[in-house]
Amino acid sequence: MRIAIVGAGSKCLYLMNIIEKYEFQVVFPVVVAVADINNEALGLVKARKKNLFVTNDYNDFFKLDNIDLIVELTGNIDIHNDILTKKNSRVRAIAHTTAMLFWEIDSAARMHIKTHQELSETLALYNVLINGLIHEDVVVISLDHTILDINDAFLKKLGLTREEAIGHSCYEITHHQQTPCSGKEHPCPLAQIITTGKPSKTTHIHIGQNGSKCHVSISCYPLFEQGELKGVIEVSKDITKEIEFEKKMMQQEKLVSIGRLSAGVAHEINNPLTTILTSSMLIQEDLEEGSEIHKELAIISNEALRCRKIVKSLLDFARQSKSFKKLDDLNEVIKESLILTRKQAKFKDIDLDTSLATELPQSKIDRDKIQQTIINLTLNAIEATPAGGKIQLSSHYFQDKNIIEIQVSDTGDGILPENLDKIFDPFFTTKKNGTGLGLSITHGIIEQHGGTILAKSLPGKGTNFYITFPVKQGNDDDD
Ligand code: ADP
Ligand code: MG
């Protein structure tokens with residue numbers, strides 16, 4: 001479509017530019033002629049540059065035979081009427097106001113393109129926000145708890161595909177529940193936002209795909225659409241490791257303060273105990289053996305000795321006694337511990353045996369203390385195992401990790417799951433006459449050796465204690 005423009009001001013220039021810039025699909029407009037009384041009019045200047053037909057009098061257009069459309073952009077209705085009367089019937093004409101309509105359509109189209117661009121930018125940003133946060137789980141939830149979107153990190157953790165999650169309720173997917181979260185333990189962040197309209201933060205315990213519990217810190221932000229709350233975006237982070245670390249630190253602090261207290265008390269008791277013991281022994285020496293008083297003094301001495309033992313345990317627990325480490329054979333230590341505990345096992349009709357690694361490298365250990373730990377574990381096992389049960393002490397060398405593992409396993413009563421993380425606490429005991437110090441001392445000793453101790457138990461089936469030691473080189477005493 002060949003166009004001639006009457007009035008070559010800024011609108012004319014604009015029209016020329018648009019026609020140049022856009023690719024048209026149906027009509028293929030091209031400006032061929034421009035008229036204006038002002039020689040310096042912007043459109044005229046441009047048309048001249050482009051070697052188009054230019055004139056100061058639009059009447060010249062009627063002489064041209066290559067025009068399909070005349071566009072009047074002067075705004076003067078008389079000119080438009082004049083064009084209508086003079087133009088060839090084959091030629092069409094549109095007035096300034098009609099042309100304005102195209103302006104509007106054009107700016108609407110531009111707006112559309114801009115909005116489209118903005119939308120794709122927002123989408124890209126959204127995608128980065130949702131899926132770029134690989135350490136956080138992100139989920140977009142509507143007001144009725146339906147999952148609208150969810151990021152890849154969260155899907156991976158849940159072991160679900162996007163289709164399996166979207167459209168389901170958040171409580172179903174993350175808590176395997178049929179109703180929304182509630183109560184103090186599990187407050188619903190969405191419900192909080194519906195009441196306050198403000199972002200909220202809470203912690204939850206979520207169940208992973210293998211049934212494991214994880215502590216999750218949830219930050220929830222409201223999503224408004226034209227001032228109206230439409231849903232929320234929940235960003236959650238697994239803080240299980242941090243919580244466990246905190247627990248461990250608290251446990252460590254507790255141990256340190258109990259240790260200090262015990263050391264102080266033990267120290268104070270040690271001196272009077274020695275006095276009681278030596279005095280009763282001295283009096284015993286002056287008395288005839290077998291006499292009543294001699295026997296009663298023997299009881300005093302024995303009880304004082306027992307107290308001393310407890311004091312020694314307390315001091316051990318407080319890690320007051322120095323350790324002397326040297327290269328030693330752990331298999332030998334296990335064998336000796338076996339000799340010392342065999343009698344008790346036999347007495348309860350428990351089968352106590354060993355399964356020792358044939359080639360065990362030497363390890364830098366405090367022999368007496370390690371023996372104490374193995375005896376502690378074996379005595380616990382004997383106490384927990386009914387007649388006819390079995391206890392095994394075994395050693396194993398893991399060459400790839402360069403560690404030695406000692407296992408004490410029994411077929412006894414086992415430990416209840418809720419007690420499993422308390423057994424190393426000082427003074428934790430389930431026995432009538434227990435001190436609850438054995439395992440905490442054992443734990444302390446193994447830690448002093450740079451090792452680890454772990455218990456696994458199935459109530460009613462038995463318990464396994466695993467101790468690992470790093471295999472160290474060198475023979476220097478006490479470090
Ligand atoms: P104590 O033997 O004086 O109770 P410990 O620190 O040695 O103190 O043990 C703490 C608790 O751990 C025991 O009271 C018992 O409940 C549990 N326990 C330890 N070893 C075993 C085991 N082999 N089988 C079952 N329970 C055990
Ligand atoms: Mg014990």
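Just after helix 11, Asp349 takes a positive phi of about 60°. The model is predicted.

Helix 11 covers residues 330–347, 18 residues in total. From its first C-alpha to its last, the helix reaches 26 Å, close to the 26 Å expected at 1.5 Å a residue. Helix 11 also has a bend, of about 45°, at Thr341. Thr341 is one of the buried residues of the helix. An α-helix has 3.6 residues a turn, so residues three or four places apart point the same way.

What do the buried residues of helix 11 pack against? Their partners include strand 11 (326–328), strand 12 (351–355) and strand 13 (363–365). Helix 12 (367–384) is another partner. Strand 14 (390–398) and strand 15 (403–410) complete the list.

Helix 12 turns up again at ligand 1. It gives four residues to the shell, the largest share. Helix 12 and helix 14 (438–448) are the elements that give two or more residues to this shell. The shell has 22 residues, and Ala384, Thr429, Gly434, Gly438 and Leu439 come nearest to the ligand. By class, the shell residues divide into seven nonpolar, twelve polar and three charged.

Now step back to the whole chain. The domain assignment gives domain 1 (2–106), domain 2 (136–238), domain 3 (243–318) and domain 4 (326–470). Taken over C-alpha atoms, the centres of domain 2 and domain 3 are 56 Å apart.

Most residues other than glycine have a negative phi. Asn51 is not a glycine, yet its phi is positive, about 60°. Asn51 is found in the loop between helix 2 (42–49) and strand 3 (53–55). Is Asn51 buried or exposed? Asn51 counts as exposed because it has 7 C-beta neighbours inside 10 Å, and the cut-off for exposed is 12 or fewer.

Gln226 is the other case. Its phi is positive too, near 45°, in a residue other than glycine. Gln226 lies in the loop between strand 9 (213–225) and strand 10 (228–238). Why does Gln226 count as exposed? Because 5 other C-beta atoms lie within 10 Å of Gln226.

Terms used: Residues are numbered from 1 along each chain as its sequence is written. Chains are lettered from A and ligands numbered from 1 in the order in which they are written. This is a predicted model: local features need pLDDT of at least 70, side-chain atom pairs count only at pLDDT 80 or more; totals for chains, interfaces and linings use all residues. The expected span of a helix is 1.5 Å times one less than its number of residues. The bend at a residue is the angle between axes fitted to the seven residues ending there and the seven starting there. A residue is buried if 20 or more other C-beta atoms lie within 10 Å of its own, exposed if 12 or fewer, and partly exposed in between; C-beta atoms are placed from the backbone. Two residues are in contact if their C-beta atoms, placed from the backbone, lie within 7 Å. A residue is near a molecule or strand if its C-beta atom, placed from the backbone, lies within 6 Å of it. Ala, Val, Leu, Ile, Met, Phe, Trp, Tyr, Cys and Pro count as nonpolar, Asp, Glu, Lys and Arg as charged, and the others, Gly among them, as polar. Domain bounds come from an automatic or database domain assignment.
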